[in-house]
Amino acid sequence: MAKLIRCECGFVVRGDTDEEVIGAIRGHLATDHPALLQAVSREDLLGWIQVE
C-alpha cells in the first residue's frame, strides 16, 4: 500500500514509507510554501499521511 500526502495546492506526494513521504513533502513545502514549512512539525506531517 502506498502512503501519500495531498498538499492544499493539489500537489500529491507518494512513497512506501512515512519517511519517504515526509521527506518529499518537506521538499515541496520548502520550494512552494516556505512559510508553511516553518509552521508544521513532523507530527503534523505524520497526521497528514493517508494510505492508498
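Guide: Let us begin with Glu20, which is partly exposed because its relative accessibility is 42%, and partly exposed lies between buried, under 20% relative accessible area, and exposed, over 50% (1.4 Å probe, protein chains only). This is a predicted model, in which local features need pLDDT of at least 70 and side-chain atom pairs count only at pLDDT 80 or more, while totals for chains, interfaces and linings use all residues. Residues are numbered from 1 along each chain as its sequence is written, and side-chain values use heavy atoms, with hydrogens and water left out.

Visitor: Where does Glu20 lie, and how far apart in space are Glu20 and Ile49?

Guide: Glu20 lies in helix α1; helices (H or I, at least four residues) and strands (E, at least two) are DSSP runs, numbered from the N terminus. Glu20 and Ile49 are separated by 29 residues in sequence and by 11 Å in space, C-alpha to C-alpha.

Visitor: What makes Ile25 buried or exposed?

Guide: Ile25 has a relative accessible area of 0%, and therefore it is buried. Ile25 also belongs to helix α1. Leaving aside neighbours within four places in sequence, Ile25 is in contact (heavy atoms within 4.5 Å) with Ile5, Cys7, Val13 and Leu45. For Ile25 and Leu45, which are 20 residues apart along the chain, the C-alpha separation is 8.4 Å.

Visitor: Why is His28 called buried?

Guide: The relative accessibility of His28 is 6%, so His28 counts as buried. His28 is found in helix α1, which covers residues 18-32. Not counting residues up to four places away in sequence, His28 touches Cys7, Cys9, Phe11 and His33.

Visitor: Where is His33 placed, and why does His33 count as buried?

Guide: His33 is placed in the loop between α1 and α2 (34-39). Its relative accessibility is 18%, so His33 counts as buried. Apart from residues up to four places away in sequence, His33 touches Cys7, Cys9 and His28. His33 and Ile49, 16 residues apart in sequence, are 18 Å apart in space, C-alpha to C-alpha.

Visitor: How many disulfides are found in the whole structure?

Guide: A search of the whole structure finds zero disulfides, a disulfide being a pair of cysteine sulfur atoms within 2.5 Å. Cys7 is in no disulfide, and the nearest cysteine sulfur, that of Cys9, is 3.6 Å away.

Visitor: Is Cys7 buried or exposed, and what makes Cys9 partly exposed?

Guide: Cys7 counts as buried because its relative accessibility is 11%. Cys9 has a relative accessible area of 45%, so Cys9 is partly exposed.

Visitor: Where is Cys9 placed, and which residues is Cys9 in contact with?

Guide: Cys9 is placed in the loop between β1 (3-6) and β2 (12-15). Leaving aside neighbours within four places in sequence, Cys9 is in contact with His28 and His33. Cys9 and Asp32 are 23 residues apart in sequence, with 9.3 Å between them in space, C-alpha to C-alpha.

Visitor: How many helices and strands are there in the protein chain, and what pattern does the chain follow?

Guide: The protein chain has three helices and three strands, and along the sequence its pattern reads β-β-α-α-α-β.

Visitor: What makes the protein chain as compact as a globular protein of that length?

Guide: Its radius of gyration is 10 Å, close to the 10 Å that the globule rule gives for 52 residues, so the chain is as compact as a globular protein of that length. The radius is taken over C-alpha atoms, and the globule rule is 2.2 Å times the number of residues to the power 0.38. The C-alpha trace spans about 30 × 20 × 15 Å along its principal axes.

Visitor: What share of the 52 residues in the protein chain is buried?

Guide: Buried residues make up 29% of the 52 residues. Among contacts between residues at least 6 apart in sequence, 37% join residues at least 24 apart.
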